[in-house]
Amino acid sequence: MPKKAASTEPTEGKLSMLAAVVAKLNKEFGSGVVRLGSDDYLKVDRIPTGSYVLDFITGGGIPRGRITEIYGQYSACKTYLAWQIVVQIQKMFTGVVLYVNLEDTFDSEHVQRIGVDLSRVVVMRPNVAEDAVNMTYAALKEGVFDAIIVDSIAALLPKAEAEADAEKDQMGRMGKLTSAMMRKMVNGNTNKTTIILINQERDKLGVMWGEKSAPTGGRAIPYYASQ
């Protein structure tokens, strides 16, 4: 007679022990640090984009509480798409939004025509990239905002670049800055704030084969972005 396979189902004793371990770790390190995989908090909801085609392609829209990067060529309606998502967020939730206006192109009348409630929008205009990162992180930690839009990554101006001679080489500085920015956003986002990063493509110099353009800011953004 073949041996009966051992059951893979956890016993009641193990389940109660598991609950006790989770409670103990949360008490020691902070509430919500450890969760069971079945916790509703870990479920990823989708926010519609306002476009049926995009919603179909993305499986229902962008993930709530995660980082989404919208990038492409100039004048490709990237900011318009971000504001359309804000309209959906304001319909679904309280819809309080922070807009980091790095390109200084915010047009309140245009945004209002799209359908955004401006009374629930905060506009921030940092001078240098380091201020943008620190101010955005501080706002994220407050837990007030349902969404944060950074427009755009390509417009981030490092302090060293702002103060240095324009001819001096700044290679690698943006990559380090965006890498630090992503780490802070991921670790500071404990309130399911949806983060939308708008970015632009730039041509790669001297490339003879493969992709001849790439979004600015290095590899950290696509690494941390869920979509």
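Reader: How many bridges join β6 to strand β7, and in which sense do they run?

Author: Two strands count as paired if DSSP finds at least two bridges between them, and strands themselves are DSSP runs of E, at least two residues long, numbered from the N terminus, while helices are runs of H or I of at least four. Here five bridges join β6 to β7 (residues 194–203), and the two run parallel, with isoleucine 149 opposite isoleucine 196 in β7. Strand β4 (residues 97–101) also pairs with β6 in the parallel sense, over five bridges, and there valine 97 stands opposite alanine 147. This is a predicted model, in which local features need pLDDT of at least 70 and side-chain atom pairs count only at pLDDT 80 or more, whereas totals for chains, interfaces and linings use all residues. Residues are numbered from 1 along each chain as its sequence is written, and side-chain values use heavy atoms, leaving out hydrogens and water.

Reader: Which residues of β6 lie on one side, and which on the other?

Author: In a regular strand the side chains alternate between the two faces of the sheet. In β6, Ala147, Ile149 and Asp151 lie on one side and Ile148 and Val150 on the other, and all are buried (under 20% relative accessible area, with exposed over 50% and partly exposed in between, using a 1.4 Å probe and protein chains only).

Reader: What does valine 150 touch?

Author: Counting contact as heavy atoms within 4.5 Å, and setting aside residues up to four places away in sequence, valine 150 touches Val100, Leu102, Met181, Met185, Ile196, Leu197 and Ile198.
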